Amino acid sequence: MSESRNTPGQKNDTGWDVGVRKTVDTPPQKLWDYLLGEGLPLWLGEIESLPTKKGVRYQTTDGVRGTIRAFTAGKQIRLTWQPQDWPHDTTLQVTVSKSGPGAIVEFHHEDLADRDERRMMLGHWHNVTDSLVDHFA
C-alpha cells in the first residue's frame with residue numbers, strides 16, 4: 001500500500017510538482033504556433049527554435065537546457081528542463097487543448113527539488129500564463 005501525500009505538490013517518489021492552467025481567448029492552433037514561435041522566450045528562454053524530435057537536446061542562450069521527451073504537434077510537448085544554476089533536471093509538459101471558442105494552456109512541472117523550488121515555479125508559470133492571456137486579450 002502506498003503512502004498518501006501529506007503536502008500539496010509533493011509526490012512520494014519523484015519530488016515536487018506544480019500545474020498551472022489558464023483559458024486563453026484564441027484558437028488552440030494559434031496559441032500553439034505562438035508558444036513554439038514568437039512566444040518561445042516567454043516560457044522557455046531565448047532560443048532560435050525548439051526541436052520537435054524525441055531525444056534531441058536543446059539549450060537556450062540564458063542556459064536552460066534539456067531534451068525533448070515527447071512531441072505531438074498542436075497539442076503537447078514534454079521535455080527535460082534545467083536552468084544552468086540548478087544541479088538537477090526537471091520535467092516540463094506543455095499542453096494546449098480546445099475550450100469553447102478558445103484554448104486551455106497547461107504547464108505541468110515535475111521533479112522539483114523542494115517546497116521552495118515549487119513555490120518559485122508556481123509563481124513563474126502563473127506569470128507565463130497571465131502573459132499569454134494578456135497577449136491574446
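This is a predicted model: local features need pLDDT of at least 70, side-chain atom pairs count only at pLDDT 80 or more; totals for chains, interfaces and linings use all residues.
User: Which residues touch the most other members of the largest nonpolar core?

Analyst: In soluble globular proteins, nonpolar side chains tend to be buried together. A nonpolar core is a set of buried Ala, Val, Leu, Ile, Met, Phe, Trp, Tyr and Cys residues joined through side-chain atoms within 4.5 Å. Buried means under 20% relative accessible area, exposed means over 50%, and partly exposed is in between, with a 1.4 Å probe and protein chains only. Here the largest core has 32 residues, and Trp43 and Phe107 touch the most other members. At least two core residues come from each of strand S2 (15–24), helix H1 (28–35), helix H2 (40–43), strand S5 (76–81), strand S6 (90–99), strand S7 (102–112) and helix H3 (115–135). Helices (H or I, at least four residues) and strands (E, at least two) are DSSP runs, numbered from the N terminus.

User: What does Phe107 touch, not counting residues up to four places away in sequence?

Analyst: Contact means heavy atoms within 4.5 Å. On that basis the partners of Phe107 include Val18, Val20, Leu35, Trp43, Leu92, Val94, Trp125, Val128, Thr129 and Leu132. Thr129 is placed in helix H3 and counts as buried, at 0% relative accessibility. Leaving aside neighbours within four places in sequence, Thr129 is in contact with Val20, Lys22, Val105 and Phe107.

User: How many residues of S7 are buried, and how many bridges join S7 to S2?

Analyst: In a regular strand the side chains alternate between the two faces of the sheet. S7 is mostly covered, with nine of its eleven residues buried. Two strands pair if DSSP finds at least two bridges between them. S2 and S7 run antiparallel and are joined by eight bridges; Lys22 stands opposite Val105 in S7. S6 and S7 also run antiparallel, with nine bridges, and Thr95 has Glu106 in S7 as its bridge partner. S6 and S7 form a hairpin with two residues between them, and Gly100 in the turn has a positive phi of about 60°.

User: How many salt bridges are there, and which parts of the chain does the Asp130 pair link?

Analyst: Side chains of opposite charge can pair when their charged atoms come close. A salt bridge is a side-chain nitrogen of Lys or Arg within 4 Å of a carboxyl oxygen of Asp or Glu. The count by this rule is four. Asp130 pairs with Lys22, the closest N and O atoms being 2.2 Å apart. That pair links distant parts of the chain, with Asp130 in helix H3 and Lys22 in strand S2, 108 residues apart. Asp130 is partly exposed at 34% relative accessibility, and Lys22 is partly exposed at 22%.

User: Where do Glu110 and Arg78 lie, and how far apart are the closest N and O atoms of Asp116 and Arg119?

Analyst: Glu110 forms a salt bridge with Arg78, with the closest N and O atoms 3.1 Å apart. Glu110 lies in strand S7 and Arg78 in strand S5, so the pair ties together parts that are 32 residues apart in sequence. Glu110 is buried, with a relative accessible area of 12%, whereas Arg78 is partly exposed at 23%. For Asp116 and Arg119, the closest N and O atoms are 3.0 Å apart. Being three residues apart in helix H3, these two are separated by about one helical turn. Asp116 is exposed, with a relative accessible area of 52%.

User: How many aromatic pairs does the structure hold?

Analyst: A pair of aromatic rings is described by the distance of the centres and the angle of the planes. Rings of Phe, Tyr and Trp (its six-membered ring) pair if their centres lie within 6.5 Å; planes under 30 degrees apart count as stacked, over 60 as edge-to-face and the rest as tilted. The structure holds six such pairs. Tyr34 and Phe136 form an edge-to-face pair, 5.4 Å centre to centre with 80° between the planes. This pair links Tyr34 in helix H1 to Phe136 in the segment after H3, 102 residues apart. Tyr34 and Phe136 are both buried. Trp43, Trp81, Trp86, Phe107 and Trp125 form one aromatic cluster.

Technical notes:
Residues are numbered from 1 along each chain as its sequence is written. Side-chain values use heavy atoms; hydrogens and water are left out.
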